[in-house]
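Please keep the 3D view open beside the text.

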Amino acid sequence: MIKQCPVCNKDFEPSMPLQKYCCTKCQQWANSNHLIPPREPFEFDCRHCGKHVVTAPFGDRRTVFCSKQCEKRWWKHPRKETCGNLGMSGGMSLGSLIRRERSDLE
Ligand SMILES: [Zn+2]
Ligand SMILES: [Zn+2]
């Protein structure tokens, strides 16, 4: 199947079904000029401060936290906010699980 490169308008035969551009140079050009369709905006509430966030279409990779600061603060005190959910699930630490498997093997 012949496709037309949207950057240089050259006809080319894609080597992969999803290939859009005739060559990596054209693809890089499209990347830097935002020809590639924007990512769907993604909405979430910041896990740390609860702020509602809608991501920008380009170069916005946030999925959990509204900012680096919130992410940092979250990882500093992760226990406080999660122990309610994780508290009673099994009660066995990963370490003791591994030790148990080892003794089963021996
Ligand atoms: Zn091209
Ligand atoms: Zn936040």
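1. Let us begin with a term: a residue is buried under 20% relative accessible area, exposed over 50%, and partly exposed in between (1.4 Å probe, protein chains only). At 51% relative accessibility, Asn9 counts as exposed. Asn9 sits in the loop between E1 and E2, and its phi is near 60°, a positive value in a residue other than glycine.

2. A word on the basis of these notes. This is a predicted model, in which local features need pLDDT of at least 70 and side-chain atom pairs count only at pLDDT 80 or more, while totals for chains, interfaces and linings use all residues. Residues are numbered from 1 along each chain as its sequence is written, chains are lettered from A and ligands numbered from 1 in the order in which they are written, and side-chain values use heavy atoms, with hydrogens and water left out.

3. Now the overall layout. The chain has four helices and four strands, where helices (H or I, at least four residues) and strands (E, at least two) are DSSP runs numbered from the N terminus. Along the sequence they follow the pattern β-β-α-β-β-α-α-α.

4. Which residues hold the zinc ion (ligand 1)? Its protein donors are Cys5 (SG), Cys8 (SG), Cys22 (SG) and Cys26 (SG), lying 2.2 to 2.3 Å from it. Donors here are N, O and S atoms within 2.8 Å of the metal (3.2 Å for Na, K and Ca); water is not among the atoms, so sites may look incomplete. The angles among the four donor atoms are 104 to 116°, and the site is tetrahedral, a label given to four donors if all angles lie between 85 and 135 degrees.

5. The spacing of these donor residues in sequence is C-x2-C-x13-C-x3-C. Within the set, Cys8 in the loop between strand E1 (3-4) and strand E2 (11-12) and Cys22 in the loop between E2 and helix H1 (24-32) link distant parts of the chain, 14 residues apart. Cys8 is partly exposed at 36% relative accessible area, whereas Cys22 is buried at 19%.

6. Cys49 is partly exposed, at 44% relative accessible area; Cys70 is buried, at 5%.

7. The largest has seven residues: Phe44, Cys46, Val53, Phe65, Cys66, Cys70 and Trp74. A second, separate core of six residues includes Tyr21, Cys22, Cys26 and Ala30.

8. Thr55 is buried, with 4% relative accessibility. Its side chain reaches the backbone nitrogen of Phe42 at 2.9 Å.

Definitions and conventions
A polar contact is a pair of N or O atoms within 3.5 Å; within protein, one must be able to donate a hydrogen and the other to accept it, and residues adjacent in sequence count only if both atoms are side-chain atoms. A nonpolar core is a set of buried Ala, Val, Leu, Ile, Met, Phe, Trp, Tyr and Cys residues joined through side-chain atoms within 4.5 Å. Four donors count as tetrahedral if all angles lie between 85 and 135 degrees; four count as square planar and six as octahedral if opposite donors are over 155 degrees apart and all others between 65 and 115; anything else is irregular.
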